[in-house]
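Dear colleague,

I am handing over the structure we spoke about, with the sequence alongside it. Please look it over first, and then read on for what was found in it.

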Amino acid sequence: MRASVMTVGAALIVAGMCFVSEIEAGFKIVVLDDPDVGLNDPAEREPIDGNNGTTLGQQRLNVLQAAADRWAEFLDLDPSVEIRVGAEFIALDCEEDRGVLGSARSNFVYKDFANAPAAGVWYSAAQAEALAVASGGLLAADRQHIGTFYNLRLDEGDETCLRGASWYYGLDPEASRPAGTIPLFPVVLHEFAHGLGFATLVNLETGALFQPDNEDPLEDAYMRFLFDTETDSSWSDMTDTERQVSALNDPTVVWTGADVAAESNRVTAPEAFSQGQLRMHAPDPIEPGSSISHWSPTAEPSLLMEPSLTSGLFDQVDLTPALFSDIGWPIRSEFLDLIFSDRFQ
Ligand SMILES: [Zn+2]
């Protein structure tokens, strides 16, 4: 099934009431939905497949918390680190055969903080916080590091939205999912990964490096590992115009990080590689929110961070922690044992 699109980088900021769930494993989910909506929906539900919530809102929140816990297995977080994720369910684009399931972004970015892996490089707020806290720094006292949205329209029984598909809130990887449902869990894992730093800040329309007001343009942690095998040059060495061209240059844009390279032989499809390195998604024309900030969809077995949700993905995170390690996230040393579960075959 490749009917559904997951995107990153939606610029929506919706004001709302703010409730905070309990803190677990370094992540705090901050519910931004209004009362009785989305993550606060009081509609009664029977517990389902490992999700013991008894309201629709609680079941949704349980899935987000489970995804946060899953990432906390891999990220080597100091006990004092708190990664705050602002979350809400809102109506996102949806058509009969394709729709946006969710989106996420780092709400802000940092450079040159304590323990930054490289100088003069932008890092996601969550990554910067995780690294800086190890030296006693606290960067964002109350702000939410990540903002994320999930499509409320899926539960509205609207036949014009993915043929009336609804969210599946189960958490048991072994359970069989009812027909006509889309599992929320892998979508949240995917979106949280974007929020944690699986995304470039480069303006793909112009090739320009990220440049906030009154700042010099600087590289971001992700784009430093992008390389074009056709021109034999890294994105770091390109001009803006060259990056603008490369962003459309399927099938020759690849990831050069060593930790991904060490594990990428798990991907067996030859077309997912260019000169032995795993390809990124670089279609022409650009797909805003999808281009470059995902693996090529040619990867088999399918990867969590492809642009579309693939049937069969559930709790697998495959190469995502390896990419996090490449960009300088502290990853638990045993992570390689955890990446490839027996379901990743
Ligand atoms: Zn995505």
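This is a predicted model: local features need pLDDT of at least 70, side-chain atom pairs count only at pLDDT 80 or more; totals for chains, interfaces and linings use all residues.

Because His-190 sits in helix 3 (residues 184-196) while His-294 sits in the loop between strand 15 (277-278) and helix 6 (320-326), the pair ties together parts that are 104 residues apart in sequence.

The loop between strand 15 and helix 6 also holds Gln-316, which is buried with a relative accessible area of 6%. A polar atom of the Gln-316 side chain lies 2.7 Å from the backbone nitrogen of Phe-314.

Turning to the cysteines, the structure holds 1 disulfide, formed by Cys-94 and Cys-161, whose sulfur atoms are 2.0 Å apart. Cys-94 lies in the loop between strand 3 (83-90) and strand 4 (102-106), and Cys-161 in the loop between strand 7 (146-151) and strand 8 (166-168), so that the pair ties together parts that are 67 residues apart in sequence. The torsion about the S-S bond of Cys-94 and Cys-161 is about 80°, and the disulfide is therefore right-handed. As for accessibility, Cys-94 is buried with a relative accessible area of 10%, and Cys-161 is buried with a value of 1%.

There is also an open sheet of 3 strands to report, with the order 5-6-10 and mixed pairing. Its edge strands are strand 5 (109-110) and strand 10 (219-220), each of which pairs on one side only. Strand 5 and strand 6 (residues 121-124) run antiparallel and are joined by 2 bridges, and Val-109 stands opposite Ser-124 in strand 6. Helix 2 (residues 125-133) packs on this sheet, where it touches strand 5 and strand 6, and the direction of helix 2 makes about 95° with that of strand 6.

Note on methods
Residues are numbered from 1 along each chain as its sequence is written. Side-chain values use heavy atoms; hydrogens and water are left out. Helices (H or I, at least four residues) and strands (E, at least two) are DSSP runs, numbered from the N terminus. Buried means under 20% relative accessible area, exposed over 50%, partly exposed in between (1.4 Å probe, protein chains only). A polar contact is a pair of N or O atoms within 3.5 Å; within protein, one must be able to donate a hydrogen and the other to accept it, and residues adjacent in sequence count only if both atoms are side-chain atoms. Two strands pair if DSSP finds at least two bridges between them. Contact means heavy atoms within 4.5 Å. Axes are lines fitted to C-alpha atoms, for helices over the stretch in contact, and angles run from 0 to 180 degrees between N-to-C directions. A disulfide is a pair of cysteine sulfur atoms within 2.5 Å.
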